[in-house]
Amino acid sequence: MTKVSIGLRGWRFEEEEVFDDSGAFRPLTEMPPDTRDRISRLMVMVDKPCDACWLIHGEEEKQRCRSAAVVYGEPLREVVLCGSHEADFLYWFREAGGRDLAGKRTFRNAFHQWFADGGRAPDGYAGIEHVESDPDSVPDPLPEEELPSVEDELASLSEEEQESLDIDLDDLDV
Ligand SMILES: [Zn+2]
């Protein structure tokens, strides 16, 4: 089983759940429910601006926001970030209480509140995988091997949380 990211880094999918043997997208109706929900949501989120840029610039100056490069969290409570602001999110997740909110309804709002109140990663804080994809935006990243994969952590957390959560995805625009 090969895991792939689609559109944005962060969420990962079993390749064969999403693509058929010829490499074409399967119909959404053939995908497992969780995969379908995430793919549906990704189609919406892939064109969104970075949440952190948006908090800085606001709706009126949306064109100044960088586009999303990575998605964390659960569908409808996800956070999307550009390469520059991913470090702030990871700092919040690891060091400022974000981890405790994984899978919860307040996940996105709590990050927005923290960021809007001036929350930022310290200078030089990194630990981002795939740093090579946007090297100019991440100064002096730490060696990758010192850091656990937050993506995998989030993925395993989400599986546990899903059992106990009543995720209402009926309002997804599929
Ligand atoms: Zn940003």
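Which residue just after helix 5 takes a positive phi? Find Gly-118: its phi is about 100°. Keep in mind throughout that this is a predicted model.

**Exercise 1. Check whether the span of helix 2 agrees with its number of residues.**

Solution. Step one: helix 2 covers residues 33–45, which makes 13 residues. Step two: at 1.5 Å a residue, taken times one less than the number of residues, the helix should span 18 Å. Step three: the end C-alpha atoms sit 18 Å apart, so the two agree.

**Exercise 2. Work out what the buried residues of helix 2 pack against.**

Solution. First pick out the buried ones: Arg-36, Arg-38, Ile-39, Arg-41 and Leu-42. Then look at their partners, which are strand 1 (3–6), strand 2 (8–14) and helix 1 (15–18).

**Exercise 3. Show that the buried residues of helix 5 line one face.**

Solution. Helix 5 runs over residues 107–116, and its buried residues are Phe-107, Phe-111 and Phe-115. Look down the helix axis: these buried residues fall within an arc of 60°, so they line one face. Over on the other side, Gln-113 and Ala-116 are exposed. Finally, see what the buried residues pack against: helix 3 (51–57), strand 4 (79–81) and helix 4 (86–95).

Methods: Residues numbered from 1 in each chain as written. Predicted model: local features only at pLDDT ≥ 70, side-chain atom pairs only at ≥ 80, totals over all residues. Helix = DSSP H or I, 4+ residues; strand = E, 2+ residues; numbered from the N terminus. Buried ≥ 20, exposed ≤ 12 C-beta atoms within 10 Å, placed from the backbone. Contact = placed C-beta atoms within 7 Å. Arc of directions from axis to C-beta.
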